[in-house]
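Thanks, everyone. I'll keep this quick. Please bring up the model and follow along.

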Amino acid sequence: LKAEDLDGFQGEADKMMDGYKEEKDTNIKRELDYKDEVSERVFEKGQSRRIWGELYKVIDCSDVVLMILDARDPMGTRSRHVEAILKTKDRCHK
């Protein structure tokens, strides 16, 4: 913007805004609607009994179980369900 004073600056900015077309702006990231549907299906699959059954098998066969937590949100990334499983009488040695 080339302006001598504040009013000139305002006029230049107004001209630029009048010529602005959002659909031609390549700097805007556009979200696609199908992303939400895919992520919901992924979460549903993660709750299936088959996957929990596989997790129980892996825990039973393991000598050591490590839980990796995100330092930015440790309480949100820990699995209380897995902790409860490991505290049961037959798995307390892990």
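Start at lysine 57. Lysine 57 forms a salt bridge with glutamate 54, and their closest N and O atoms sit 3.4 Å apart. By salt bridge I mean a side-chain nitrogen of Lys or Arg within 4 Å of a carboxyl oxygen of Asp or Glu. Both residues belong to helix H3, residues 49-61, and they are three residues apart, about one turn of the helix. Helices here are DSSP runs of H or I with at least four residues, strands are E runs of at least two, and numbering goes from the N terminus.

How exposed is each partner? Lysine 57 is exposed, at 51% relative accessible area. Glutamate 54 is partly exposed, at 39%. The cut-offs: buried is under 20% relative accessible area, exposed is over 50%, partly exposed is in between, with a 1.4 Å probe and protein chains only.

Now the ground rules. This is a predicted model, where local features need pLDDT of at least 70 and side-chain atom pairs count only at pLDDT 80 or more, while totals for chains, interfaces and linings use all residues. Residues are numbered from 1 along each chain as its sequence is written, and side-chain values use heavy atoms, leaving out hydrogens and water.

How many salt bridges does the structure hold? Three. You have seen one of them, lysine 57 with glutamate 54. Another joins aspartate 70 to arginine 72, with the closest N and O atoms 2.8 Å apart. Aspartate 70 is partly exposed at 26%. Arginine 72 is exposed at 75%.

Then there is arginine 78 with glutamate 83, at 2.6 Å between the closest N and O atoms. Arginine 78 is partly exposed, at 26%. Is glutamate 83 buried or exposed? Buried, at 16% relative accessible area.

Stay on glutamate 83. It is found in helix H5, residues 80-86. Its side chain makes a polar contact with the side chain of arginine 78, at 2.6 Å. A polar contact is a pair of N or O atoms within 3.5 Å; within protein, one must be able to donate a hydrogen and the other to accept it, and residues adjacent in sequence count only if both atoms are side-chain atoms. Which residues does glutamate 83 touch, leaving aside neighbours within four places in sequence? Met67 and Arg78. Contact means heavy atoms within 4.5 Å. Glutamate 83 and methionine 67 are 16 residues apart in sequence, and their C-alpha atoms are 9.2 Å apart.

Next, the surface. Val64, Leu66 and Ile68 make a nonpolar patch of about 390 Å². Patches take residues with over 30% relative accessible area and no salt bridge; like charges are joined within 9 Å, and nonpolar side chains (Val, Leu, Ile, Met, Phe, Trp, Tyr) within 5 Å. Areas come from the Shrake-Rupley method with a 1.4 Å probe, and for residues only the protein chains shown count as cover. Valine 64 lies in the loop between H3 and helix H4, 74-77. Valine 64 is exposed, at 62%.

Zoom out. The protein has five helices and zero strands. Along the sequence the pattern reads α-α-α-α-α. Buried residues make up 9% of the 94 residues. Of the contacts between residues at least 6 apart in sequence, 39% join residues at least 24 apart.

One stop in helix H1, residues 6-18: glutamate 12 is located there. Glutamate 12 is partly exposed, at 27%. Glutamate 12 and lysine 2 are 10 residues apart in sequence, with 7.8 Å from C-alpha to C-alpha.

Last, confidence. pLDDT is the predictor's confidence in each residue, from 0 to 100. The protein averages 76, and 73% of the residues score at least 70. Which element has the lowest mean pLDDT? Helix H2, residues 34-46, at 52, whereas H4 has the highest, at 87. Over residues 33-38, pLDDT stays under 50, and the model has zero contacts there beyond four places in sequence. Where pLDDT is low, predicted coordinates should not be read in detail.
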